[in-house]
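Here is a quick tour of a protein model, written for someone who likes to know the cut-offs. Have a look at the fold first, then read on.

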Amino acid sequence: MIKMDAPNLLPGDVFAACISRIRDPGLKLKMESIAHLVVAASADFDTLAAQTRLHQFVRQAIVGGVVTTAEMEGVYTQRMAKKSAPGRDAYDELFNSAPNGKCPLCGHRTVSTLDHHLPKAHYPVLAVVPLNLIPACGDCNKSKLAALPTSANEEALHPYYDNIDGDRWLFAEVVAGTPAALRFRVQTPANWSAVLADRVALHFKTLGLGALYSAESADELLNIRGQLETLHAAGGAALVETELLERASSCRMARMNGWRSAAFEAFADSAWFCDGGFSLH
Ligand SMILES: [Zn+2]
């Protein structure tokens, strides 16, 4: 997961923009009457998320006793996400906030939507709250859809709040075969809390990151195989290992738990791989 700065957008401003073009006076009044609840919910979200207590966020199907879940979902889909909707500027700002346009959840695919960290179908008051909206790829968004945390260790990682790149947690190992493959795994440091370790493991599993990273590293191997063959012919396994370690080190500087860092390290660690295991013959 890629850490991101929390957005500067204010929840009250975003909600006001979204409901600004409602023509039905009754609906507009109803929406205006819950504006303070949206702002309060954002503040609650901020407090709870910082303490891994979002599972305690109170779910309410009818916001303030007047606005239904369907109506709040409509505010998001019709008045924020839709092109030329009054809340679309806020949507675009969040959409474009991911570093290099990469989905912060998988750290690999490109952003194509906004993910509701707590799903709007169950937490309608958070439907347009910026802190609850994360730029994400479609696959991560779909994988997360049903997630309803019931305890701290079931809480999905949140890029605005969780920073898990202080330590190594993503590792890989070579699976000997033709072609060679990689198996990725999560291994969290002993000094982490059990809750954080569970959350990272859940993140990896829910989003199917093992399969994604294995497929991407197979593609990477395809691209460097020729170079490794040249190095091996010139200086044997030692030269191949040196090259792979340099790549691992360079990738690690950019992203400590990026799949490339883990992949190059695992390749370099395998004597079998460095001594020709990378080859197709
Ligand atoms: Zn993703």
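How many residues of domain 1 are in contact with residues of domain 2? Nine residues of domain 1 touch 11 residues of domain 2, where contact means heavy atoms within 4.5 Å.

## Ground rules

This is a predicted model, so local features need pLDDT of at least 70 and side-chain atom pairs count only at pLDDT 80 or more, while totals for chains, interfaces and linings use all residues. Residues are numbered from 1 along each chain as its sequence is written, and side-chain values use heavy atoms, with hydrogens and water left out.

## The overall picture

The two parts in question are domain 1 (11-146) and domain 2 (170-277), with bounds that come from an automatic or database domain assignment. Taken over C-alpha atoms, their centres are 37 Å apart. Along the principal axes, the C-alpha atoms of the protein fill a box of roughly 80 × 40 × 25 Å.

In secondary structure terms, the protein has 10 helices and six strands; these are DSSP runs numbered from the N terminus, with H or I and at least four residues for helices, E and at least two for strands. Of the 281 residues, 46% are buried (buried is under 20% relative accessible area, exposed is over 50%, partly exposed is in between, with a 1.4 Å probe and protein chains only). The protein exposes about 13000 Å², with carbon and sulfur atoms supplying 53% of that area; the areas come from the Shrake-Rupley method with a 1.4 Å probe, and for residues only the protein chains shown count as cover. Among contacts between residues at least 6 apart in sequence, 69% join residues at least 24 apart.

## The largest pocket

On a 1 Å grid over the protein atoms alone, a pocket is an open set of points with protein on both sides within 12 Å along at least five of seven lines, a cavity is a set where a 1.4 Å probe fits but cannot get out, and lining residues have an atom within 4 Å of a point. Points are joined across faces, edges and corners, and a volume is the space filled by probe spheres set on them.

The largest pocket holds about 290 Å³ of space. Its lining counts 18 residues, and G107, R255, G258, W259 and R260 are the closest to the centre. Helices α8 (209-254) and α9 (259-269) are the elements that give two or more residues to this lining. Both domains take part, with at least three lining residues from each of domain 1 and domain 2. By class, the lining has eight nonpolar, six polar and four charged residues (Ala, Val, Leu, Ile, Met, Phe, Trp, Tyr, Cys and Pro count as nonpolar, Asp, Glu, Lys and Arg as charged, and the others, Gly among them, as polar).

The largest cavity has a volume of about 60 Å³, and its lining includes L54, H117, K144, E155 and A156. That lining has five nonpolar, one polar and three charged residues.

The second largest cavity comes in at about 40 Å³. L54, H117, E155 and A156 turn up in its lining too, along with residues including Y161, D162 and R199. Here the classes are four nonpolar, two polar and three charged.

S143 sits in helix α6 (residues 138-144) and is partly exposed, at a relative accessible area of 33%. Leaving aside neighbours within four places in sequence, S143 is in contact with T206 and L207. S143 and L207 are 64 residues apart in sequence, yet 5.7 Å apart C-alpha to C-alpha.

S42, in helix α3 (residues 35-50), counts as buried because its relative accessible area is 6%. Not counting residues up to four places away, S42 touches P11, V129 and L131.

Most residues other than glycine have a negative phi, and most peptide bonds are trans. The bond from T178 to P179 is cis, with omega near 0°, and P179 lies in the loop between β5 (170-175) and β6 (181-186).

S84 has a positive phi, near 65°, in the loop between α4 (69-81) and α5 (88-95); at 60% relative accessibility, S84 is exposed. N100 has phi near 60° and is found in the loop between α5 and β3 (113-116). N100 is exposed as well, with a relative accessible area of 72%.
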